[in-house]
2 protein chains.
Amino acid sequence: MHSTLGLAANQAPLSNRVTRHLDHAGRGAQRRQVACSRCALGEICLPRSLSAEQIRAFEKIVQRSKPVQPGEHLFRAGDEFQTVASVRTGCFKSYVIDHQGQEQVLGFHLPGELIGLDAIHTGQHSASIVALDTSAVCFLGFGSVSTLASQMPELQTELFRIMSRRINELETVSGDLSADERIALFLLSLSERFAQRGYSNNEYMLAMSRKDIASYLRLASETVSRVLARMQKSTVLRVDRKHVRILNRAALLRLAGLEPAAH
Amino acid sequence: MHSTLGLAANQAPLSNRVTRHLDHAGRGAQRRQVACSRCALGEICLPRSLSAEQIRAFEKIVQRSKPVQPGEHLFRAGDEFQTVASVRTGCFKSYVIDHQGQEQVLGFHLPGELIGLDAIHTGQHSASIVALDTSAVCFLGFGSVSTLASQMPELQTELFRIMSRRINELETVSGDLSADERIALFLLSLSERFAQRGYSNNEYMLAMSRKDIASYLRLASETVSRVLARMQKSTVLRVDRKHVRILNRAALLRLAGLEPAAH
DNA sequence: GCAGATAATTGACCTGAATCAATTACCAGG
DNA sequence: CCTGGTAATTGATTCAGGTCAATTATCTGC
């Protein structure tokens, strides 16, 4: 069925429109085999539960891509499913075009996250994935991942776990939450993910526009502005353009509905 | 933080015919091994892509449960994850209790659907699953399914596919839809599911209450009533209590936003 | 068949967030 | 340094769907 071998070259067609160049892409295209064992992502990437020996086997099917520029697509909806990708650096968004021709953002993907798995059941990518920032990924042929998984229960379990987590996440977002709750949860989720990657957990940069956030949270972008402004006014946050700083985490948790409302 | 869900490819309601009065103690607990190869579910159950020989191996890990009564729980949130279950007959709903103590329905599960997979990533069931109707299930130890999966790529792929389908579904359903669209999609989804199981595709019984439907679709139950009434008035449907008949499928598709609005 | 309890429907009203509509802040390119 | 274009903010208004409330069906057990 899916017999792909190792590395279906990146089929990333080039960007559409706005290809602004945040250059300092630096580094140049390094296509050499990577040593997962020495990757900075370490514990948060796919092979986290593998032994040193298993990681060596895993490395054989990995290919690091060259840098991906903002606006450049990794996959497009409808593409044949050959590879999944693991984000090394940067940020991606995945989206579909709904029946009214509107873009609907499905998720944002940070380093260490696996993207493209949505294509398994149809054999085609159902979403398009585009870089929001200068980024880099490792490509993994799905066929070989899957073959390898049958030889390595730990890897198989890890894949199940990743999909299971995504399902839980989607269920949360699809919940019936107020605009405040959505935005608070969104900011907290980013905070956690950055923290997990070794960055500050109360100060970070948003790689995406207000419109993307709004689409992802199913709100109007005006509402995102207003809620952020309100949170700033009540000194829960400081927001300046793309820069966010969490000033009062307890209050944010309360807004997210995660803490017993104080009273 | 995560609300979670019930992972079962499809979520729909109903039961075949009202089986309510079938359960005089008769039948007793039949816990014998079942022959999957002769199961009425056939192609829609998990081992659908396995060879005859593989099915024999699969049967060794299957245990048919005794009948499950309406209101009886199969799993409860927090239970240790040991087994998944495949619905044989009847209908289940999965739900969680949200941070406000409200029940949130995550899905409805019909014959042929696998439930309990949501527990993979934490090792605990994150949702509770309860029968809505007199039902029966096959239990499968997850450990053995997973072991078997590593020996059978087809089974592994099938599991990936089930989870992948659920992800796609959630991505769609979690969209920003009107009450009319939600309800139309819900009714159409049920219709499809029934058809797939050999029942009429334009007439069926809802196994769940209006409140359950409302919770699942994140609407108020009053809204469900009103929308159904409106659809009835415009002769798209005939609804009598739990009995639904689709009179004008084209119109329903249009309401669901799946067809170009006629004009 | 009746009584009490629960589910569903229907109506009146209210509210959170969308939509419409200006501004205002930020770019990138000439 | 302007200049046109996009993104973000802010305000005014509207509306879909929620909430509250009152009936009216349905189911249960006695």
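Here is a conversation about how the labels follow from the values.

Guide: Welcome! Please keep in mind that this is a predicted model.

Visitor: What makes the sheet of chain A an open sheet with edges?

Guide: The order of its 4 strands is E2-E7-E4-E5 in chain A, with antiparallel pairing. Strand E2 (73-75) and E5 of chain A each have a single partner strand, so one side of each has no neighbour in the sheet, and these two are the edges. From one strand to the next, the twist averages 30 degrees.

Visitor: How do you know that E2(A) and E7(A) count as paired?

Guide: Pairing asks for at least two bridges between two strands. E2(A) and E7(A) have 2 bridges, in the antiparallel sense, so they meet that condition. His73(A) is found opposite Val130(A) in E7(A).

Visitor: And what about the partners of E4(A)?

Guide: Strand E4 (residues 92-97) of chain A pairs with strand E7 (residues 128-131) of chain A over 4 antiparallel bridges, with Lys93(A) opposite Val130(A). E4(A) also pairs with strand E5 (residues 103-109) of chain A, again in the antiparallel sense, over 6 bridges. There, Phe92(A) has His109(A) as its bridge partner. E4(A) and E5(A) form a hairpin with 5 residues between them, and Gly101(A) in the turn has a positive phi of about 80 degrees.

Visitor: What is it that holds paired strands to each other in general?

Guide: Strands of a sheet pair through backbone hydrogen bonds, in a parallel or an antiparallel way.

Visitor: Why are H5(A) and H6(A) called roughly perpendicular?

Guide: Helix H5 (residues 210-217) and helix H6 (residues 221-233) of chain A pack at an angle of about 105 degrees, with their axes 8 Å apart. The label covers 65 to 115 degrees, and the angle lies in that range, so the two helices are roughly perpendicular to each other. In their contact, Arg210(A), Lys211(A), Ile213(A) and Ala214(A) of H5(A) meet Ser221(A), Thr223(A), Val224(A) and Ser225(A) of H6(A). By class, this contact has 3 nonpolar, 3 polar and 2 charged residues.

Visitor: How do you know that the two copies are related as by a two-fold rotation axis?

Guide: Chain B is superposed on chain A by a rotation of 179 degrees with 0.0 Å of shift along the axis, at an RMSD of 0.3 Å. The copies are thus related as by a two-fold rotation axis. In chain B, the residue closest to that axis is Ser150(B), whose C-alpha is 2.2 Å from it. The same surface serves both copies, since 86% of the contact residues of chain B recur in chain A.

Visitor: Which elements make up the side of chain B that touches chain A?

Guide: In this contact, 37 residues of chain B meet 35 residues of chain A. Strand E5 (103-109), helix H2 (142-151) and helix H3 (153-173) of chain B each give two or more residues. H3(B) gives the most, with 14 residues. By class, this side of chain B has 14 nonpolar, 16 polar and 7 charged residues.

Terms used: Residues are numbered from 1 along each chain as its sequence is written. Chains are lettered from A and ligands numbered from 1 in the order in which they are written. This is a predicted model: local features need pLDDT of at least 70, side-chain atom pairs count only at pLDDT 80 or more; totals for chains, interfaces and linings use all residues. Axes are lines fitted to C-alpha atoms, for helices over the stretch in contact, and angles run from 0 to 180 degrees between N-to-C directions. Angles under 35 degrees count as roughly parallel, over 145 as roughly antiparallel, 65 to 115 as roughly perpendicular and the rest as oblique. Two residues are in contact if their C-beta atoms, placed from the backbone, lie within 7 Å. Ala, Val, Leu, Ile, Met, Phe, Trp, Tyr, Cys and Pro count as nonpolar, Asp, Glu, Lys and Arg as charged, and the others, Gly among them, as polar. Copies are superposed by least squares on the C-alpha atoms of residues with pLDDT of at least 70 in both.
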